[in-house]
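This briefing concerns a single protein chain and its fold. Please consult the sequence and the structure shown here alongside the points below.

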Amino acid sequence: MSIAHYKAVGQLKPLFYGLFVPPSINKHSDTVFWFDVMPHGEKRFVSVYVIIEEKTVLIETGPASSNSNLVEGLDSMGIKLEDIDYIVPTHIHLDHFGGGGHMMRLCPNAKAIVHPKAYAHVANIDRWWEGSADFLGKIAELYGKPVPIPESDLISADDAYELSLGESSMVALHTPGHAPHHITWIYGDEAFVGDSLGLWYSDLNTSFPVTPGYYRHDLALESIDKMSNLELTYLHHTHFGPRPAKGAIEQVKSEFEIWMGIVEEGYRKGSSAEEIVNILFDTRYGLSETDMNHGIHQTATHLGSVEGMLNWVRRNDA
Ligand SMILES: [Zn+2]
């Protein structure tokens, strides 16, 4: 069941039948599939997406450390690595694209498409890796070190860059805030949102901000507004899985604003990031469940988000 076969007969539709459906592969639509790459066995944390049209696109790779799971997932879909035309991250944080260069070495016909601000760091990983190691500490080691991608295999995607896939296309929407080099990829009335709309917890039916490092609250809210103008039907989160868009963007925006309100109040009182994250755990419905589900990693994530918001408040106050 190779993709080439479906291309040959001009039939891209049913990839899987009955008993042959591997349990880990989710079919979202006739052209969009997704699965869990489970870095270090952590489930429901990093999803990757595959679009199959005339072109085959892998969206996000996950970290380097889960590359073997990624390759197995693609294999169980019947996708040969040489069939992959494009590898398209939303941004190059290690949990999204740390495995990008490794995958590019395995996919001889693929080009990687990144934001112009990420281009140089993907071609020469030194600053990317140093920055990640500085910020993530031990977690960077757990994710694994990226490898560079030669410039000849890299495409730089300006805002509104259009990638033709055959019948339809994907369009790059620059959505800075979480990171300056973040792209939300628009595919018809659906979007691959990376981290621009926070972390989606389908079991809790809610999303929470993810705002680490040099977070820009003004740009994050502008980016959210840009997305809300598009009348999207589905938001494909990396963390984790597709979310119906109805009401979701409003929920996320309000959560970002509520968190920032709590962080600003904490800043005025001189509270530490730990104290502020504990207020969020006590007051935001479902947040403590996310901590129980994902253990120490998730605590570090929420603390990192509060620190990013605190940095933003501090810079504005300076
Ligand atoms: Zn990120």
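The model is predicted. Its protein chain contains 11 helices and 15 strands. The radius of gyration is 19 Å, close to the 20 Å that the globule rule gives for 318 residues, so the chain is as compact as a globular protein of that length.

**Overall fold**

- Along the principal axes, the C-alpha atoms of the protein chain fill a box of roughly 65 × 40 × 35 Å.
- Of the 318 residues in the protein chain, 47% are buried.
- Among contacts with a separation of 6 or more, 67% are between residues 24 or more positions apart.

**Nonpolar core**

- In soluble globular proteins, nonpolar side chains tend to be buried together.
- The largest nonpolar core has 78 residues, and the members that touch the most others are Y49, V50, I59, I87, W185 and A191.
- Helix α9 (residues 248–269) supplies the largest share of this core, namely six residues.
- I59 is in contact with V48, Y49, I51, V88, W185 and F192, when its neighbours within four places in sequence are left aside.
- Two of these contacts of I59, W185 and F192, are bridge partners of each other, with F192 lying in β11.

- Strand β10 (residues 183–187) runs antiparallel to β11, and three bridges join the two.
- β10 and β11 form a hairpin with two residues between them, and G188 in the turn has a positive phi of about 60°.
- Strand β11 (residues 190–194) pairs with β14 in the parallel sense over four bridges.
- Three residues lie between β14 and β15, which form a hairpin.

**Helix α5**

- Helix α5 (residues 116–123) has A118, Y119, H121 and V122 as its buried residues.
- The elements covering those buried residues include α4 (100–106), β6 (111–114), α6 (126–136) and β7 (154–156).

**Loop residue K43**

- K43 is placed in the loop between β2 (32–36) and β3 (47–52).
- K43 counts as exposed because it has 12 C-beta neighbours inside 10 Å, and a residue with 12 or fewer falls in that class.
- Leaving aside its neighbours within four places in sequence, K43 is in contact with D36 and M38.
- From C-alpha to C-alpha, K43 and V263 are 30 Å apart in space, and they are 220 residues apart in sequence.

Methods. Residues numbered from 1 in each chain as written. Predicted model: local features only at pLDDT ≥ 70, side-chain atom pairs only at ≥ 80, totals over all residues. Core = buried A, V, L, I, M, F, W, Y, C linked by C-beta atoms within 7 Å. Buried ≥ 20, exposed ≤ 12 C-beta atoms within 10 Å, placed from the backbone. Contact = placed C-beta atoms within 7 Å. Pairing = 2+ DSSP bridges. Rg over C-alpha atoms; globule rule 2.2 N^0.38 Å.
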